[in-house]
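Hello,

Here is the structure I promised to pass on. Have a look at it first, and my notes follow below.

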Amino acid sequence: MLGGEQGEAVREALESQIAVGEFFGASRFVPVTQVHLTVDWEVMGAAGYAFLEHILDLGGKVAVPTTRNAKSVDLDHAHKLRQTRSLIDGERRTAELVRRLGVITVNTCIGYQSLYQPHFREHVAWGDTGAAIYANSVFGARTNFESGTAGLAASLTGRVPEYGFHLDETRRPNAYCRVEARLEDVADWGAVGSIIGEQHRDYWTVPLIDSVQANPSPDELKHLGAALASYGSMAMFHLADVTPEAPSIEAGLERDEIKKELTIDADQIETVLNGGQRHGEAVDIVVFTAPQLSLFELRELAKLLDGRRVHPNTTLIVTTNAMTKAAAAEEGYIAAVEGAGAVVLQGVCWYLMEPQRMRAEFGWSRLVVTNSAKLANIVKANGYEPMLRRTKDCVECAVEGRVVG
Amino acid sequence: MSIAVMTFRVRQAIGPVVDGPALVDPVPFSARYDLDRETGRISRAGHPLEGQSLAGKIILCPGVQGGVAAGWALLAMKALGHGLRGMVFQRVNPVIVQGAQAAGIPIAGGVDEEIFRHVQTGMTVRVDPVGKEVLILEA
């Protein structure tokens, strides 16, 4: 490859991987079966677009199945949401370009719930933090967080340098957290992730979580992982008796590698979920996103909204991927959610959609209500004051048009 | 001519040797959510360096934060003419290293924490990935 026999694009990609591998002391490459890329206009801009054009000019083509993460524009709703012409055009051009590279434009951050579930010890290269932490933790697959350029390199060469979470020693727990609260909603699991994440804020911290709440759903694990990755930059967690590489609590605690211990009780969860109070205050915007909603989550929303109306002064936004939206439409869930006045977007995540500009366009207040701890973290950088609430409370806020519950 | 006044070892480093003015960031660096990529300035409200430009600076920081988008952010800033000149951290994650590599910005990890007791914003520093060193220079 380095001799250019497989083309300049592959040669350049491998050179970049060798440099990163050398930084982390990798001694060899491991083949990957699948790559997931963050390549959208809002995130990468003109410089990223030029980078992709360069790869294409060199004859680049993906060597392993490569999927694309959520993007910033749903063309069916872009006008209604007053998105800019430059963003819409940029997204359209980006989609065309990445297809020419061979990328499958599924535009989803929940491919692991709807497309591809790597098996235990399978090496992949995933460029979405919520997806990567789910792959490592729940499937026992192996990936680092991969930037857009590094993910593209992996898709061209079909391999990654072996460092970080591809190695056994990085995957062992080095922090411990006991959760002494019943967790009844995805927001509770996100709150746990936010508390642990804020305590550590380190990619190399791998918490062993011991929860009284057994048998979490995939969506609850999804929100736990997304929050740990967002607040803590973490790429892996173990949940005792749930995830495949979790050691027993006794064995885990005996390890002298456990550097920090933490206990989370119900009061702490309630503080995260009710921080700021603000009862009775008008709610302009309620968002279910980050990660995109699964079929089961859309089913729950359909039940909660069926026969009800979102308050006329409130906008309720829901995001999912095209596959899940189609399945949910078949089941009648989309009709129930949209019939209540919600906007269901596909192929996007709301925080990528220039939420700061959207707030200015529509004159929304800074308050945003959501059941996603990850979203609550991110939109602070966009000038919002997020309120994390359980799913049913978010729906009540949307219907009442004010903070309730 | 520059004379090294203090030298600090780093565990990991790649990229070319560079000199430049130091920008000392006391909180984990997020290339995506702390910055306005259009202006190259720290934009996050309440950030200790709010309003400061990163253009041409060598950032020195204990750690990094943030996800995958940081990689694209470094490339975008460079293309817009206000890219960082170098980056020095105690702890890194893969994305910041991958992003630095793609943008051609030298990066060092595992720097001796002693450096933070000596370096101040505005001092001239050198990142030497070949020698695995960071130097505080005197003009």
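How many residue pairs are in polar contact between domain 1 of chain A and domain 2 of chain A? The count is six, with both residues of each pair at pLDDT 80 or more. A polar contact here is a pair of N or O atoms within 3.5 Å; within protein, one must be able to donate a hydrogen and the other to accept it, and residues adjacent in sequence count only if both atoms are side-chain atoms.

Before the rest, a word on how to read this. It is a predicted model, where local features need pLDDT of at least 70 and side-chain atom pairs count only at pLDDT 80 or more, while totals for chains, interfaces and linings use all residues. Residues are numbered from 1 along each chain as its sequence is written, chains are lettered from A and ligands numbered from 1 in the order in which they are written, and side-chain values use heavy atoms, with hydrogens and water left out.

**Inside chain A**

Chain A divides into domain 1 (8–168), domain 2 (172–273) and domain 3 (276–400), with bounds from an automatic or database domain assignment. The C-alpha centres of domains 1 and 2 of chain A are 27 Å apart. In contact (heavy atoms within 4.5 Å) are 21 residues of domain 1 of chain A and 20 of domain 2 of chain A. Together these two domains bury about 1,600 Å², 67% of it on carbon and sulfur atoms; buried area is the accessible area (1.4 Å probe) that two parts lose on being put together, summed over both. On the domain 1 side, A:Ile133, A:Ser137 and A:Phe165 supply 35% of the buried area, more than any other three residues.

Helices H4 (111–114) and H5 (129–139) of chain A each give two or more residues to the domain 1 side, and H5(A) gives the most, with nine. Helices (H or I, at least four residues) and strands (E, at least two) are DSSP runs, numbered from the N terminus.

A:Phe165 also forms an edge-to-face aromatic pair with A:Tyr203, at 5.3 Å centre to centre and 85° between the planes. Rings of Phe, Tyr and Trp (its six-membered ring) pair if their centres lie within 6.5 Å; planes under 30 degrees apart count as stacked, over 60 as edge-to-face and the rest as tilted. A:Phe165 lies in the loop between strand E5 (159–161) and helix H7 (168–171) of chain A, and A:Tyr203 in the loop between helix H8 (186–200) and strand E7 (207–211) of chain A, so the pair ties together parts 38 residues apart in sequence.

A:Arg142 and A:Asp168 form a salt bridge, with the closest N and O atoms 2.7 Å apart.

**Where chain B meets chain A**

Here 32 residues of chain B are in contact with 38 of chain A. The two chains bury about 2,800 Å² between them, 64% of it on carbon and sulfur atoms. B:Val68, B:Trp72 and B:Gln98 lose the most area in chain B, together 27% of what that side buries.

One salt bridge crosses between the chains: the side chains of A:Asp202 and B:Arg91 meet at 2.7 Å, N to O.

Happy browsing!

How values were computed. A salt bridge is a side-chain nitrogen of Lys or Arg within 4 Å of a carboxyl oxygen of Asp or Glu.
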